[in-house]
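Please keep the sequence and the structure in view while reading.

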Amino acid sequence: MSGHDGLTADQAAALLRWYLLAGVDEAIGEVAVDRYRAASRPAAAAVPPPPPRPSPAASAPPVAPLSRPAPALASTPAALQSAREFAAAARDLTELAEALAAFEGCPLKKTATNLVFGDGNPAARVMLIGEAPGADEDRAGKPFVGVSGQLLDRMLGWIGLDRASVYITNVIYWRPPGNRAPTAAELVACQPFVERHVELVAPAVMVAVGGAAAKQLLQRNDGITRLRGRWHLYESPGTRGAIPLMPLYHPAYLLRQPAQKRDAWRDLLTLRAKLDSLGFPRM
């Protein structure tokens, strides 16, 4: 370890554990940069411009302009078509997971550690869909396993549910670098898989966990504060009619804004009332 060559193996391991507990999950550089010292350094001397090149001879053949790579968004139609073909060919969840593993149309796959497909009971009639994996989920290959996932488990327990009675996935299947928000192109590339995922699980009730998931599933621009607390309808070409969908605050948001837990509790009670009306047992 650069900068810690005097540490023993046990001390180095203890330091790494401390970094993980402090939330450090990416190495940006081997040596810390002293920004104050860098600011005090004199500016480098300006490099004189190169002398002008002589004009090419009249007989010289014209040079073709260099081709520039197309912007990332330009590949979205091709990625979307590929995603639709991969997703439509999947006959069950195992084949859908295999199709995602073979899919190359989402650049997040190249920076993530693991594909985060789903967790819980595939035969469950309640399906929860979040936004994207975080660092803990990326390492484990399962959705909602970090601190926010622990809170989600407690929220489900409050209304008589657990991971054996629900199925959980995300609208994005690979972790965005640094836990940034997914781009529009990334959401579009994953959308056919999300739709096929819902079609194969065929839930009776859906829960959008967080504003990003709610907006993507409902194709609306309203924020979570306007969407939560009310039932909406989700429908795709392959679903057997519309599915009731309840948006909830994301557990990570509730950890940052504990005052919103009162509204979250009301939304959970609304969800439980719907499940009771459909004859769902309490665990």
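**Overall composition**

The secondary structure of the protein amounts to 12 helices and six strands, where helices (H or I, at least four residues) and strands (E, at least two) are DSSP runs numbered from the N terminus. The model is predicted, so that local features need pLDDT of at least 70 and side-chain atom pairs count only at pLDDT 80 or more, while totals for chains, interfaces and linings use all residues. Residues are numbered from 1 along each chain as its sequence is written, and side-chain values use heavy atoms, with hydrogens and water left out.

Of the 283 residues in the protein, 38% are buried; buried means under 20% relative accessible area, exposed over 50%, and partly exposed in between, with a 1.4 Å probe and protein chains only. Contact is defined as heavy atoms within 4.5 Å. Among contacts between residues at least 6 apart in sequence, 71% join residues at least 24 apart.

Two strands are taken to pair if DSSP finds at least two bridges between them. Strand β1 (residues 119-120) runs antiparallel to β3 and is joined to β3 by two bridges, with D119 opposite I168. Strand β2 (residues 126-130), in turn, pairs with β3 in the parallel sense over four bridges; here L128 has I168 as its bridge partner.

Within β3, T169 has a relative accessible area of 2% and is therefore buried. Apart from neighbours within four places in sequence, T169 is in contact with F117, G118, M127, L128, I129, G130, P143, F144 and H197.

**Helices α4 and α8**

H197 also takes part in a helix contact. The axes of α4 (residues 93-102) and α8 (residues 184-201) come within 10 Å and cross at roughly 170 degrees. Such axes are lines fitted to C-alpha atoms, for helices over the stretch in contact, and angles run from 0 to 180 degrees between N-to-C directions. The two helices, α4 and α8, are therefore roughly antiparallel to each other, a term applied to angles over 145 degrees.

On the α4 side, the contact is made by L93, L96, A99 and L100, and on the α8 side by F193, R196, H197, L200 and V201. By class, this contact of α4 with α8 has seven nonpolar, one polar and one charged residues; Ala, Val, Leu, Ile, Met, Phe, Trp, Tyr, Cys and Pro count as nonpolar, Asp, Glu, Lys and Arg as charged, and the others, Gly among them, as polar.

Conventions:
Angles under 35 degrees count as roughly parallel, over 145 as roughly antiparallel, 65 to 115 as roughly perpendicular and the rest as oblique.
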